[in-house]
Amino acid sequence: MSLPTYESTVKGPNKLTFVAPYLGRSSLLAASLACKEWHSIFAAQLWSDPIKLAADTRNPFANTHLFFTRSSTLPVSRRKCVLTLDFRPLKALERRFPQDHANFSQVTTPKYIFRFVPFFENVRFLVIDNTGKFDYDTQQPVEAREPDENNKLLLFSSACIPQLDYNLFVSTPVLYNVMYLDLSNTSNTQAWNSLLSFHSLSNLRILKLCGLRLTDQSFPFDALHTRLRLWSLDLRQNSLTDQTIDFLLEECFAPMAPVPAIAPDSDEILYEDPPIYDLRDEADPTYPSYNLSVPVRPDKTDSFISYMKRYADFGNPSSLVLPERDPLRKSTGLTHLYLSSNRFTSKGIHKLLSSTNRLQVLDVGTVKANPNVDYQLPHTTPFAQPNTAPLLDRQTADRIEDLRIHHSVVTCIPTIVQGRLEMGYTPQHLHKAEKFGDLEFQSAAFNPLSNYRLSSLTLTDIPLRSTGPTISRLTTFLRLCAKQEATLLSASTSGPRKTRHSPRLLPGLTKLRLEFIHERSGMDEVGPSVSGDQDADEFQAQSQGDFSFFADEKMPTSPVSRRSSIWGPGSGKSSLAEVVETKDVCEEIKIFRRREQPKWGGSLELVVPSRR
């Protein structure tokens with residue numbers, strides 16, 4: 001939790017309200033018994049999140065059940081104190097208290113929870129992620145109730161409940177005024193289309209629809225006609241194509257923002273854009289708020305709840321808990337977009353980046369390249385994002401601060417596989433991919449010196465081994481990051497004395513995350529495709545291993561060599577040309593970091609997935 005500002009402390013409510021969030025359960029209980037004034041402050045904090053309170057006891061599930069069964073008889077003043085019902089702390093205790101959980105497992109099922117939600121009229125945040133393990137019985141259709149315009153719920157998150165029954169929301173329509181809605185990994189696509197149509201969702205700002213098996217035909221288009229109110233959309237792990245990008249560009253993005261011209265070799269690229277002043281003192285409803293610059297807004301559950309508890313006035317109706325000029329309320333169109341693990345192509349992502357400069361957070365992950373245009377390789381699947389680096393410089397991607405994208409934007413090396421990406425790459429495909437990178441590296445690689453606003457970059461699906469080019473490109477990029485950092489340091493210490501009226505210096509890249517992909521196991525000698533069908537080639541490759549009647553028995557193999565074949569058997573190449581030495585990319589980067597001078601001071605994360 002961030003500390004309160006001086007203004008909010010001097011002009012705001014009682015100073016004790018800023019102390020209450022930092023006290024534990026026992027301290028809050030003792031303070032609430034001191035006097036009436038303290039009771040009104042500390043008791044409200046004590047009961048604002050009763051599930052967290054119950055999770056801190058010896059019998060958390062029994063006490064949660066006791067609290068809900070007695071909720072109808074609790075004093076109205078105490079029920080009005082409840083702002084948050086977050087069941088995640090309770091779910092985390094299932095293995096620690098197995099007997100208690102077995103006796104009262106129903107307290108973590110959606111049907112049980114929704115039975116008691118109406119008793120708490122002031123509840124603002126309802127988080128039931130990953131509940132419902134024992135709630136798989138099908139509920140009979142119920143009579144639909146009209147949405148309640150006075151409903152105060154602001155956040156609802158029900159991620160990872162495979163059999164969540166959407167009839168619960170029809171019988172208890174709590175979504176009318178939500179600003180944050182997470183329905184990820186709840187399966188029932190058609191039901192959510194009906195649900196999103198049933199609620200107008202006029203206050204919606206953040207929508208998460210991960211893992212719903214959405215296609216272009218089942219996509220909830222009606223729910224996204226929000227007149228640019230929606231600014232964060234999470235569509236990861238679906239089956240969407242470039243057609244969805246066309247719809248988003250047409251309906252969910254504000255027009256391109258004007259970009260100030262920056263002279264070449266000017267230090268203006270290091271600074272935030274100067275503010276634009278106007279004569280309006282109050283918010284003008286006719287003036288589109290997407291023309292105003294906004295900071296990166298919180299769109300995760302915990303950060304959103306923390307922000308709302310700090311800045312919202314819960315005494316107002318749900319649509320007015322934040323002031324008109326608050327960034328979360330501004331109708332900016334999409335600024336946060338998560339698209340990874342779909343069926344998008346590099347062409348669609350290229351169109352997205354070239355058609356809007358409103359994005360601040362973008363996750364596209366790894367997408368397929370156009371094999372007929374970018375990489376001429378039969379019977380293989382190339383993954384890359386070619387010709388995209390120019391779209392990431394300051395002039396075109398003026399606002400982007402957090403980016404997750406395929407490593408080819410930095411290395412210019414595609415990831416070439418035969419079959420699915422999850423199965424990994426082969427040595428000969430690695431060699432071919434790195435040969436492609438030699439042709440375009442100098443002109444097509446992203447340079448951090450061209451965009452000082454980008455502060456977090458994640459590069460996906462980097463091969464764990466390399467013949468050299470991948471390692472060279474990554475270490476070159478780290479040197480450029482160190483140069484960027486030195487440039488910013490020099491700008492902050494030189495020149496005229498800095499005041500609070502001076503232009504803000506941009507942060508530069510402070511976090512680099514490298515996500516790796518394994519080499520395909522048992523595939524050191526993979527030749528060219530025989531059938532031309534990827535699935536058939538995968539099946540044949542998996543059947544090449546030693547046969548055993550015992551499923552768990554593994555035949556002894558020779559130690560992994562640092563030399564791998566780069567051509568398939570029968571290629572006719574000489575024995576000296578058939579092998580090439582590969583190096584461990586992670587180890588080489590660690591060695592480079594130990595010896596690097598000057599050393600980049602940012603955060604570097606190396607993420608290596610475990611083998612399945």
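Residues are numbered from 1 along each chain as its sequence is written, and side-chain values use heavy atoms, with hydrogens and water left out. Because the model is predicted, local features need pLDDT of at least 70 and side-chain atom pairs count only at pLDDT 80 or more, while totals for chains, interfaces and linings use all residues.

**Exercise 1: Getting an overview**

Task: Find how many helices and strands the protein chain has, and what share of its residues is buried.

Solution: 
- Step 1. Helices (H or I, at least four residues) and strands (E, at least two) are DSSP runs, numbered from the N terminus. The protein chain has 20 helices and 18 strands.
- Step 2. Buried means under 20% relative accessible area, exposed over 50%, and partly exposed in between (1.4 Å probe, protein chains only). Of the 612 residues in the protein chain, 50% are buried.
- Step 3. Contact means heavy atoms within 4.5 Å. Among contacts in the protein chain with a separation of 6 or more, 78% are between residues 24 or more positions apart.

**Exercise 2: Salt bridges and where they sit**

Task: Work out which parts of the chain are tied together by Glu-272 and Arg-504, and which by Asp-363 and Arg-404.

Solution: 
- Step 1. Start with the rule: a salt bridge is a side-chain nitrogen of Lys or Arg within 4 Å of a carboxyl oxygen of Asp or Glu. The count by this rule is 18 salt bridges.
- Step 2. Glu-272 and Arg-504 form a salt bridge, at 2.7 Å from N to O. Glu-272 is in the loop between helix 13 (242-251) and helix 14 (301-311), and Arg-504 is in the loop between helix 18 (469-493) and strand 14 (511-517), so this pair ties together parts 232 residues apart in sequence. Glu-272 is partly exposed at 23% relative accessibility, and Arg-504 is partly exposed at 48%.
- Step 3. In the salt bridge of Asp-363 with Arg-404, the closest N and O atoms are 3.0 Å apart. Asp-363 belongs to strand 8 (residues 361-365) and Arg-404 to strand 10 (residues 402-406), so the pair ties together parts 41 residues apart in sequence. Asp-363 is buried, at 7% relative accessible area, whereas Arg-404 is partly exposed, at 23%.
- Step 4. Now look at Lys-91 and Glu-94, whose closest N and O atoms are 2.6 Å apart in their salt bridge. Lys-91 is buried at 15% relative accessibility, and Glu-94 is buried at 17%.

**Exercise 3: Reading the nonpolar cores**

Task: Identify which residues of the largest nonpolar core touch the most other members, and which helix gives the most to this core.

Solution: 
- Step 1. A nonpolar core is a set of buried Ala, Val, Leu, Ile, Met, Phe, Trp, Tyr and Cys residues joined through side-chain atoms within 4.5 Å.
- Step 2. The largest core has 107 residues, and Leu-85, Leu-126, Phe-156, Leu-248, Leu-337, Leu-457 and Leu-459 touch the most other members. Helix 18 gives the most to this core, with 6 residues.
- Step 3. A second, separate core has 18 residues, including Trp-231, Phe-304, Phe-314 and Val-321.
- Step 4. Return to Leu-248, which is one of the buried residues of helix 13, along with Thr-244, Ile-245, Phe-247 and Leu-249. The cover over these buried residues includes strand 6 (232-234), strand 7 (336-338) and helix 15 (346-355).

**Exercise 4: Placing Arg-593**

Task: Decide whether Arg-593 is buried or exposed, and name the helix it lies in.

Solution: 
- Step 1. Arg-593 is in helix 20 (residues 585-595).
- Step 2. At 14% relative accessibility, Arg-593 is buried.
- Step 3. Not counting residues up to four places away in sequence, Arg-593 touches Leu-478, Lys-599, Trp-600, Gly-602 and Leu-604.
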